[in-house]
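Thanks for making the time this morning. I would like to walk through a few charged contacts in this protein, and then finish with something on its surface.

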Amino acid sequence: MRGIVFFTDSRAHEDVTVFDTTLRDGEQTPGIAFTFEQKIEIARQLSAIGVHTIEAGFPASSAAEKETVAAIKKLGLEANVCGLARSVKADIDACIDCDVDMIHVFIPTSDIQRENTINKSREQVLAITGEIIRYIRGHVDKCMFSPMDATRTDADYLVEVCRTAAQAGATIINIPDTVGVISPSGMKTLMGRLAREVDCPLDVHCHNDFGLAVANTIAAVEAGVSQVQVTINGLGERAGNADLAQTVMIMESIYGIHTGIKKERLVETSRLVSRFSGIAIPPTQPVVGENVFSHESGIHTQGVLKCTATFEPGIMTPEMVGHRRRLTLGKHVGRHAVRQMLVDVHLEPGDAQLDTIVERVKVIANKGKRVTDADLYEIAESVMGIEIGKKVLQLDDIAIMTGNHVIPTASVRAQVNGTEHVFSSVGNGPVDAALKAIVGIIPARIQLTEFNIEAISGGSDAMCHVTIAVEDEHGHIYDASGSGDDIVLASVDALVNAINLTSRD
């Protein structure tokens with residue numbers, strides 16, 4: 001099925017476990033601070049998708065962090081719960097108090113970090129390493145040891161530190177590329193040497209400063225590590241960490257390595273963490289981004305409609321990761337895609353009509369405007385001379401209250417399938433409240449998946465253009481837009497237009 005040889009000279013294990021540090025390193029992303037409730041939900045989700053170990057936090061860093069780690073442990077999850085600690089007994093005791101399954105202890109080993117952060121000699125680091133690991137193993141069954149900044153540590157000394165950790169009782173040794181400076185070939189060489197010379201299972205933790213975190217993680221897998229450290233959406237300090245979805249799908253689809261992760265829940269998990277972190281998923285994000293299985297170019301859509309593997313990996317399908325395939329509109333769109341999109345909503349234009357529809361779509365796209373599903377259907381109905389279909393939602397009235405001492409609240413009165421309904425909702429702002437009120441008034445399950453706004457004129461009274469996408473309960477996504485000089489009403493118009501598209505199936 002692959003058709004080519006993807007890799008050679010690999011010592012990869014048939015099974016590799018996944019250690020997720022979204023709640024620890026991921027939360028160290030500048031600007032992110034998960035609430036207690038969000039951390040609990042993320043932990044439940046990580047365990048539910050099959051993560052082997054969850055690094056729940058750094059208990060010694062604060063009372064709140066310690067409380068959270070202890071609470072996550074009490075959830076009784078399938079995943080092991082791990083606490084992070086410096087190589088000091090007070091940190092270890094904080095983890096022990098949380099009753100964690102594993103303690104992850106670290107100490108700087110590179111000369112630059114060792115001399116400038118803890119001011120210890122190489123010999124002192126060796127002594128501390130052995131002592132602290134023995135202390136941990138006297139209280140907890142599982143101990144992970146990390147020689148921090150391992151990839152900038154003298155290789156011979158790194159081997160010596162890791163041997164000391166293994167002899168003291170470390171159950172797994174993590175090799176961190178703390179500032180993301182190693183290359184994939186360098187990582188494979190380093191991990192290969194450690195695998196030969198250190199009698200202990202190995203783990204890897206890669207940062208993304210040069211965009212190599214996933215590649216370096218996979219190189220370590222080729223060299224024989226038995227566990228990988230990742231975060232959801234690649235969150236983490238500076239440029240982040242290796243992304244869970246990308247790392248898992250490379251191992252599963254390309255290498256045939258079993259990870260135990262429920263791959264069909266990757267998109268769902270990515271969106272959950274994106275919502276809690278406030279960091280949007282780029283459309284081009286591998287595996288989970290909106291564009292991964294989207295096709296616009298004429299030759300691409302023609303090929304995909306005939307055989308999906310023509311312009312998709314084939315060994316990774318949208319269904320595998322909880323995604324969906326989508327044909328999109330733009331200046332490169334072809335007749336096959338437009339015809340299929342119209343047939344999907346029971347519109348069947350003739351050849352001449354189809355040519356006219358495609359031409360009008362391209363005219364709009366060439367003006368730099370995004371062409372939405374709603375635009376396509378409106379063009380098609382005009383060209384075909386048919387009446388607009390029945391709308392599921394007709395907005396009658398919306399009232400919004402907001403202020404610096406008032407919780408933004410929106411109240412909506414609308415006709416839903418011909419019956420009047422009233423609904424109110426609060427939000428983080430007037431737009432959020434209004435959109436939640438609109439979604440709340442619809443009996444069907446609708447999820448807002450995309451919201452974009454742009455000014456199309458200058459000044460405080462600027463006209464704005466809002467594009468929105470919604471996903472129905474069957475996983476179908478529809479997008480529409482709205483414009484006006486009121487950002488709230490333009491947003492509401494866009495959402496109403498998108499919701500009305502869902503009634504076409």
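Let me begin with Asp-101, which forms a salt bridge with Lys-73, the closest N and O atoms being 2.7 Å apart. Asp-101 sits in the loop between helix H3 and strand S4, while Lys-73 belongs to helix H2, so this pair ties together parts that are 28 residues apart in sequence. Lys-73 is partly exposed, at a relative accessible area of 22%. Please keep in mind throughout that this is a predicted model.

A second pair is Asp-209 and Arg-238, whose side chains meet in a salt bridge at 2.7 Å, N to O. Here too distant parts of the chain are linked, with Asp-209 in the loop between strand S7 and helix H8, and Arg-238 in the loop between strand S8 and helix H9, 29 residues apart. Asp-209 is partly exposed at 29% relative accessibility, and Arg-238 is also partly exposed, at 43%.

Now, is the pair of Asp-25 and Arg-24 buried or exposed? Asp-25 counts as buried, because its relative accessibility is 1%, and Arg-24 is buried as well, at 10%. Their closest N and O atoms are 3.8 Å apart.

In total the count comes to 26 salt bridges, and among the residues involved, Asp-111, Arg-114, Glu-115 and Arg-122 are linked in a network.

Methods
Residues are numbered from 1 along each chain as its sequence is written. This is a predicted model: local features need pLDDT of at least 70, side-chain atom pairs count only at pLDDT 80 or more; totals for chains, interfaces and linings use all residues. Side-chain values use heavy atoms; hydrogens and water are left out. A salt bridge is a side-chain nitrogen of Lys or Arg within 4 Å of a carboxyl oxygen of Asp or Glu. Buried means under 20% relative accessible area, exposed over 50%, partly exposed in between (1.4 Å probe, protein chains only). Helices (H or I, at least four residues) and strands (E, at least two) are DSSP runs, numbered from the N terminus.
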